[in-house]
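The following exercises are to be worked with the sequence and the three-dimensional model at hand. Each task is followed by a solution in steps.

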Amino acid sequence: QVQLVETGGGLVQAGGSLRLSCAASGRTFMSYAMGWFRQAPGKEREFVAAIILTDNSRSYADSVKGRFTIPRDNAKNTVSLQMICGQPEDTAVYYCAARRLDLKEYDYWGQGTQVTVSS
């Protein structure tokens with residue numbers, strides 16, 4: 001049974017930093033992509049960032065480029081989302097997800113963690 005567990009959400013002031021972590025278990029994830037998505041109240045879920053675990057290539061939404069990074073910790077089977085220069089528009093529930101590289105859709109999801117950036 002695959003499990004993705006997010007931790008690290010909370011409240012941060014505008015301009016501040018926050019780090020989310022996603023611990024993966026239940027299988028080997030080497031041929032996977034791990035992604036972060038977010039959903040703000042009244043809005044659709046949107047892509048934030050992703051990492052391809054085979055070559056460490058990363059991609060970011062334009063709205064977070066230069067402010068968010070997606071580090072990984074192989075020893076802990078963990079992928080994180082490092083946020084700096086938080087903006088109120090970053091307020092959302094953040095989800096960790098995983099997909100096989102031969103698939104287009106993410107098929108494993110975490111439960112989500114709330115991030116609130118106050119102005």
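Two strands pair if DSSP finds at least two bridges between them; strands (E, at least two residues) are DSSP runs, numbered from the N terminus. The model is predicted, so that local features need pLDDT of at least 70 and side-chain atom pairs count only at pLDDT 80 or more, while totals for chains, interfaces and linings use all residues. Residues are numbered from 1 along each chain as its sequence is written, and side-chain values use heavy atoms, with hydrogens and water left out.

**Exercise 1.** Determine how strand S5 is joined to S4 and to S6.

*Solution.* Step 1: strand S4 (residues 32-39) and strand S5 (residues 46-52) run antiparallel and are joined by 6 bridges. Within this pairing, Ala33 stands opposite Ile52. Step 2: the hairpin of S4 and S5 has 6 residues between the strands, and Gly42 takes a positive phi near 80°. Step 3: S5 is also joined to strand S6 (residues 58-60), by 3 bridges and again antiparallel. Here Ile51 stands opposite Arg58. Step 4: 5 residues lie between S5 and S6 in their hairpin, where Asn56 in the turn has a positive phi of about 65°.

**Exercise 2.** Identify the pairing partners of strand S9 and state how enclosed S9 is.

*Solution.* Step 1: S3 pairs with S9 in the antiparallel sense over 6 bridges, and Ser80 is the bridge partner of Ser21. Step 2: strand S7 (residues 68-69) pairs with S9 over 2 bridges, also antiparallel; in this pair Thr69 has Gln82 as its partner. Step 3: S8 and S9 run antiparallel and are joined by 2 bridges, with Asp73 opposite Thr78. The hairpin of S8 and S9 has 4 residues between the strands, and Asn77 in its turn has a positive phi of about 50°. Step 4: buried means under 20% relative accessible area, exposed over 50%, and partly exposed in between (1.4 Å probe, protein chains only). Because 5 of the 6 residues of S9 are buried, this strand is largely enclosed by the rest of the structure.

**Exercise 3.** Describe the aromatic contact between Phe37 and Phe47, together with its surroundings.

*Solution.* Step 1: rings of Phe, Tyr and Trp (its six-membered ring) pair if their centres lie within 6.5 Å; planes under 30 degrees apart count as stacked, over 60 as edge-to-face and the rest as tilted. The structure holds 5 aromatic pairs. Step 2: the ring centres of Phe37 and Phe47 are 5.8 Å apart and the planes stand at 75°, so this pair is edge-to-face. Step 3: since Phe37 lies in strand S4 and Phe47 in strand S5, the pair ties together parts that are 10 residues apart in sequence. Step 4: Phe37, at 11% relative accessibility, counts as buried, whereas Phe47 is partly exposed, with a relative accessible area of 29%. Step 5: Phe37 and Phe47 form one aromatic cluster with Tyr106 and Trp109. Step 6: a charge sits over a ring if NZ of Lys or CZ of Arg is within 6 Å of the ring centre and within 35 degrees of the ring normal. Arg45 lies over the face of Trp109, at 3.8 Å from the ring centre, and Arg99 lies over the face of Tyr106, at 5.5 Å from the ring centre.
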